[in-house]
Amino acid sequence: MALKAEAKAIIHKLNLIRVCDEHYYPLYADSKGENWLIISGVGQTKVSEATKYLSDVSDAQRWTVWVNIGMAGSENGKYGELFLVDKVVQERGKRCFYLGTAVKSKLKKSVLLILDGKLVFCFETIIICHF
């Protein structure tokens, strides 16, 4: 999760408590160490660093399911609507990543477009959004 505001409901619902206060990225876990949450801040570098740190600290197994939940904007869709991102496109590097999904979902699939380090959430087709 990028922001604490995005994480609050999940922290509460899963009864997560803050662990490891010394680290740059706020890290939360449940009492059994089964559910973890890290708040990365915004940007590809921060997300990458936080994910690596969480992987190391949580001793995640190869079969562990990873979920990245965040808010983004677009001219399409409704506020609060959930989408399953299955494709990430980086405009600057003209790179494209297809994400594997480990669980079946009825969520509408979408594309996430990254413009100059900013994440832009797109619905169905790639739409450049300003927010």
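I take a salt bridge to be a side-chain nitrogen of Lys or Arg within 4 Å of a carboxyl oxygen of Asp or Glu. I worked on a predicted model, where local features need pLDDT of at least 70, side-chain atom pairs count only at pLDDT 80 or more, and totals for chains, interfaces and linings use all residues. Residues are numbered from 1 along each chain as its sequence is written, and side-chain values use heavy atoms, with hydrogens and water left out.

**Entry: charges.** I searched the whole structure and found one salt bridge. It joins lysine 52 and aspartate 56, with the closest N and O atoms 2.9 Å apart. Both sit in helix 2 (residues 44-58), four residues apart, so about one helical turn separates them. Helices (H or I, at least four residues) and strands (E, at least two) are DSSP runs, numbered from the N terminus. I then checked aspartate 56: it is partly exposed, at 48% relative accessible area. My cut-offs were buried under 20%, exposed over 50%, partly exposed in between (1.4 Å probe, protein chains only).

**Entry: rings.** My search of the whole structure gave one aromatic pair. Tyrosine 24 and tyrosine 25 have ring centres 4.8 Å apart and planes at 80 degrees, so I logged the pair as edge-to-face. Rings of Phe, Tyr and Trp (its six-membered ring) pair with centres within 6.5 Å; planes under 30 degrees apart are stacked, over 60 edge-to-face, the rest tilted. Tyrosine 24 is exposed at 61%, whereas tyrosine 25 is buried at 3%.

**Entry: strands.** I found strand 4 (residues 83-90) paired with strand 6 in the parallel sense over seven bridges; pairing takes at least two DSSP bridges. Lysine 87 stands opposite valine 111 of strand 6. In strand 6 (residues 108-115), six of the eight residues are buried.
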